[in-house]
Amino acid sequence: KIIGARTYIGVSARDLDGHGTHVSSIAAGNEVSGASYYGLAQGVARGGVPSARIATYKACKHFCSDVNLLAAFDDAIADGVDIINISLAPDLPLDVSDDAIAIGAYHAMEKGILTVNCAGNSPSGPSMFSIASFVPWILTVAASDIDRRLVDMVLLGDGSVLVGASINTFPSSEGESPLVYGEEVTNNCTETDAKNCKEGCVESSRVHQKVVICNINASIEVVTKAGALGCIIPNRGKNFSEVMPLPVAALSENDFNLVINYKTSTKKPEVKIFKSEAIRNPAAPLVASSSSRGPSMLMPDIVKPDVTAPGIEILAAFSPLASPSASFYDKRSVKYNILSETSVSCPHVAAAAAYVKSFHPEWSPSAIKSALMTTARTMDPTHNSYAEFAYGSGHIDPVKAIDPGLVYDTSMDDYHKIWCHESNSVANFTLLNGTCTPVKLKVTEINYPSMAAHVKLQSTFAVSFLRTVTNVGRANASYVSSVTKGSSKLQYTVQPKRLHFTSHNQKMSFVVTVKGKIESQLTIESASLLWRDESHNVRSPVVVYTGTSIFRGEGASTPPRFLVAFVILLLVVFLY
């Protein structure tokens, strides 16, 4: 299964924190029956392409250097991989010429290798312009939930039952236990510090055999160290459950306040936190609140992320050398663990790309990306903040992607021109073994499967998108266009309205024009262009929006160069 492993940090490529193992098994793990995390999420574990092989490149741990990232890319390309999955992203978006992932992925694209990259995570919740991966030669992935959620129940002494978001493998106690808060847990800290469970403010003797209330969710390690039975915290910024080192209930703001009121109004308050359980989630898939949103201020005229995929509470293999909760005090060793966010959704799409390539080994990286985007399932913008800038073209459907009908293929020459147009430091183009010519290309002009334009507020506009599609379906095929614009008041036209193909791999072009005026700031006007024949629906989002004035050319500055890794491994999938 694993046919190669390189390290660029330390002396061993062995996975010591578990995330790289988790990512790898999602992409290409073999089928295993009876997998679970202490009985939770039990079933058959199977990677997206279990017949594929894996080479791992350990390039980061907590911090990523450009040297290590580029060395890993160079080695992966030289090794002849088919797909690169890189489940890490910059802490802040970087200019193209300063972004090692963008540079490495460009080199991979030159060699016919598609790079799949996570959109990044926003711990404070959904935020427009927070996306870190935005260049067109990368397939950028958001994270969405699945139809199974893991929750825990909290029983208060007055009989109230609350539902929390945490993954607990055991209850806080067999019966109810005393509930303590604030000055009750300390003898030497202020009440505010004690309520926040600040380091040094939770005394073991005061929390022994008790459940502690903490005002901030960063206090779990302190409470675990003190030896409490459990902890109740507010759930701020995340709509999913995480593995905890001790029984924890992460409650909504209202439920957390209810617990506080119960505690302060009861003479002997007691509580029990139960082991987590699985429930059905009929609203799925919804994009995770922490999944970074587009567009990028550095490249505003492109829809990013490109697609979304399962990334919330995903069970997969895990290194037995690592703590399942990433806590120093959690000494459990497991073969499977449950993790979330975009670094987890990313290998789902890498697997889907490998699956498509196994049917079409001659396809270019951009054709594979196009197939996954134009066949993605539609998402509801009313339930996903920032619409296409949250989920891109939609939720991947790998089975449909092997027969997309039409693909938007992008030439390397176009990518060269995009680099020259977008890079702040044109001299750095030598990194890509080329030189910039006077002919440059705007992102709106690239042959991309989605279309986006940032327009000025309260100004009448007309934007056009020239696109060329390649027929990869039946030789004789006729496609008819239609535009679904929902509540949008803008005008959309497609010329020509019909495309008639007479041969396989024939190319035909069309122009989409959007006209109108947007009256409100931070407004997203969404529509879908659909090309349909007897058996294919080729869908592309068309997005026109108003944003802030902080875009390149309008006072934008380059964010600082600092990378934070979400995983330690760069995973690469090989095909037989």
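## Terms and basis of the model

A residue is called buried when its relative accessible area is under 20%, exposed when it is over 50%, and partly exposed in between, with a 1.4 Å probe and protein chains only.

The structure is a predicted model, in which local features need pLDDT of at least 70 and side-chain atom pairs count only at pLDDT 80 or more, while totals for chains, interfaces and linings use all residues. Residues are numbered from 1 along each chain as its sequence is written, and side-chain values use heavy atoms, with hydrogens and water left out.

## Disulfides

Taking a disulfide as a pair of cysteine sulfur atoms within 2.5 Å, a search of the whole structure finds three. One of them joins Cys-60 and Cys-64, with sulfur atoms 2.1 Å apart, and this link is right-handed, with 125° about the S-S bond. Cys-60 is buried at 0% relative accessibility, and Cys-64 is buried at 2%.

The sulfur atoms of Cys-189 and Cys-201 are also 2.1 Å apart in a disulfide, which is left-handed because the torsion about its S-S bond is about -80°. Cys-189 counts as partly exposed at 24% relative accessibility, whereas Cys-201 counts as buried at 2%. Cys-197 is bonded to Cys-214 with an S to S distance of 2.0 Å, and this link is left-handed, with -90° about the S-S bond. Cys-197 lies in the loop between helix 4 and helix 5 and Cys-214 in the loop between strand 12 (211-213) and helix 6 (220-226), so the pair ties together parts that are 17 residues apart in sequence; helices (H or I, at least four residues) and strands (E, at least two) are DSSP runs, numbered from the N terminus.

## Cysteines without a bond

The sulfur of Cys-118 has its closest cysteine sulfur in Cys-346, 5.3 Å away, which is too far for a bond. Cys-346 is likewise in no disulfide, and its relative accessible area of 0% makes it buried.

## Helix 1 and its packing

Helix 1 (residues 19-28) is mostly covered, with nine of its 10 residues buried, among them His-19, Val-23 and Ile-26. Its axis lies 8 Å from that of helix 8 (residues 342-359), at an angle of about 30°, where axes are lines fitted to C-alpha atoms, for helices over the stretch in contact, and angles run from 0 to 180 degrees between N-to-C directions.
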